[in-house]
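Here's a quick tour of how one fold is put together. Have a look at the model first, then we'll walk through a sheet, a core and a helix pair.

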Amino acid sequence: MQSLSSELARSVLDAAPDAMILIDGAGRIRFANRQVSTLFGYRHDEIVGLAVEQLMPERFRSRHITHRHGYTEAQRARPMGEGLALFGRRLDGSEFPVEISLSPIGSGRELLVAAAIRDVSDRKHAEKELRLARESADRANQAKSRFLATASHDLRQPLQTLALLNGILRRVISEPSALDALSQQEQAVGAMTRLLGALLDISKLESGAIRPEPKEFSIGSLFEGLRREFASIAASKNLELQVSPCEECIHSDPALLEQILKNLLSNAIKYTPPGGRVALRARRQNDSVQVEVADTGVGIAPEHIAYIYDEFYQVGVPANSSREGYGLGLSIVQRLVRLLDLRLEVTSEVGKGSIFSLSLPPGAAQASALQPQAAAPAHQSPAGRPRVLLVEDDPGVRDATRMLLSVEGYRVTAVASLAAALQSAQDGGPPDLMITDYHLGEGELGTDVIAAVREKLHSEVKAVLVTGDTSTVVKHMANDPRLRVLSKPIDAEQLLMVLKELLSA
């Protein structure tokens, strides 16, 4: 019966998936199952009686003897060398990573230690491959982010020059055929601008280059900025734009929320026929602030609503046909909504219009406490042509902007750097207004130019910051009532309208 029990026990241990050994108090192997021979390359009769240290690399042996003596004094089942990289050594000298579990059997002089040994080479290899893949993905994302940062600036520069030159030519040319050609050119530049902006926005979101930076702010100030931007666009299409006053404070990323609302308003204006209405409003509802963009446009049939967030999908526009826009605005909206962990709902009826409703977390502060303080009066030039300090490092954009402003009657000083801007302010006195690019040469920033000129003149000079990366710029800037941020490429009419409004404010 005893023999039968021993044979049964050996059969059970030989069937185990891991190598298993029993070690006595002197560190000698008293028993080894079949998997030990397979794993370490020894015959069974070579293993029994062998010092257990022979199964590990030489550099670990002396240290293991000390640990083995310590285990006999604190006997308990536990992993061996927890948190350490353990290795086994085969008969041929090759090494491989292992995991070892220890369990005491018996006590005193009869103490035996059972060790289950598992080869983890495959798992360690998979972990290494996964780590390398992650590092490669991180490098690719960093490279993509660098490309997008460059593309956001450099690809928009020639479009900015074209848009400004188009505005100049429309002011100095009167021949009908030439004006018609310029009108066609303006439409082409606008189409390229919209597509480039949408594609760059989607690429940034997919690469993880955009990260939310939530804070508390008054939604009323955001609404006012949107009203200024879209009033003329709606009016040009004979639409009524209604922006309701709002005193609610919310907690979110103001720049990304602004981008969501811009896309929703653009979409509403695009799909609303002349004579219709587009409304932007907000209201408190239980534990959230509901912001709605409503229109009296063409509406969306129920069977189309599931697809409106797909890229390049447009309701009622067949593929490969002439289209206004590219069906990317709502795709960007959906990505931003997910990034901010918000909820967006749409209700629509064909022929009557649509309502996009966004649920936002309320802020704890009072909206009145977040309203910008009135700035001290800035310098005003004596009667005559306003003086503009233009800071732009790209020669093409600088010359085109200077020519446009000169044609419109402005006195323009055009420079390329912060140092030149400060010198101009010192020599020529305070300008009525500054226009500066955000990314200048040698790593200089337009925000630094504005701050430095204001500090030197001790005057809150009005300024326009032109950038191809508005989302990044806006979130790092204070709410400045004497500053306007414009996204490249900006056309001549929009630039001149903003200058006129800012100078008269």
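## The sheet

Two strands count as paired if DSSP finds at least two bridges between them. In this predicted model, that gives an open five-stranded sheet with mixed pairing, ordered β8-β10-β11-β13-β12. β8 (240-243) and β12 sit at the edges with a single partner strand each, so one side of each has no neighbour in the sheet. Ignoring direction, neighbouring strands are turned by 15° against each other on average.

Over at the β12 end, β12 and β13 run antiparallel and are joined by seven bridges. Arg343, for instance, has Ser359 in β13 as its bridge partner. Helix α8 packs on the sheet, touching β8, β10, β11 and β13, and its direction makes about 175° with that of β8.

Nonpolar side chains tend to be buried together in soluble globular proteins. Here the largest nonpolar core has 41 residues, and Leu261, Val291 and Phe356 touch the most other members. Elements giving two or more residues to this core include α8 (219-236), β10 (277-285), β11 (288-295) and β13 (353-360), while α9 gives the most, with eight residues.

What does Val291 contact beyond its neighbours within four places in sequence? Its contacts include Ile219, Phe223, Leu261, Leu280 and Phe356.

## A helix crossing

Elsewhere, the axes of α6 (residues 156-172) and α16 (residues 492-504) come within 8 Å and cross at roughly 85°. That makes α6 roughly perpendicular to α16. Ala163, Leu164, Gly167, Arg170 and Arg171 of α6 meet Ala492, Glu493, Leu495 and Leu496 of α16. By class, this contact has five nonpolar, one polar and three charged residues.

Technical notes. Residues are numbered from 1 along each chain as its sequence is written. This is a predicted model: local features need pLDDT of at least 70, side-chain atom pairs count only at pLDDT 80 or more; totals for chains, interfaces and linings use all residues. Side-chain values use heavy atoms; hydrogens and water are left out. Axes are lines fitted to C-alpha atoms, for helices over the stretch in contact, and angles run from 0 to 180 degrees between N-to-C directions. Helices (H or I, at least four residues) and strands (E, at least two) are DSSP runs, numbered from the N terminus. Angles under 35 degrees count as roughly parallel, over 145 as roughly antiparallel, 65 to 115 as roughly perpendicular and the rest as oblique. Contact means heavy atoms within 4.5 Å. Ala, Val, Leu, Ile, Met, Phe, Trp, Tyr, Cys and Pro count as nonpolar, Asp, Glu, Lys and Arg as charged, and the others, Gly among them, as polar. A nonpolar core is a set of buried Ala, Val, Leu, Ile, Met, Phe, Trp, Tyr and Cys residues joined through side-chain atoms within 4.5 Å. Buried means under 20% relative accessible area, exposed over 50%, partly exposed in between (1.4 Å probe, protein chains only).
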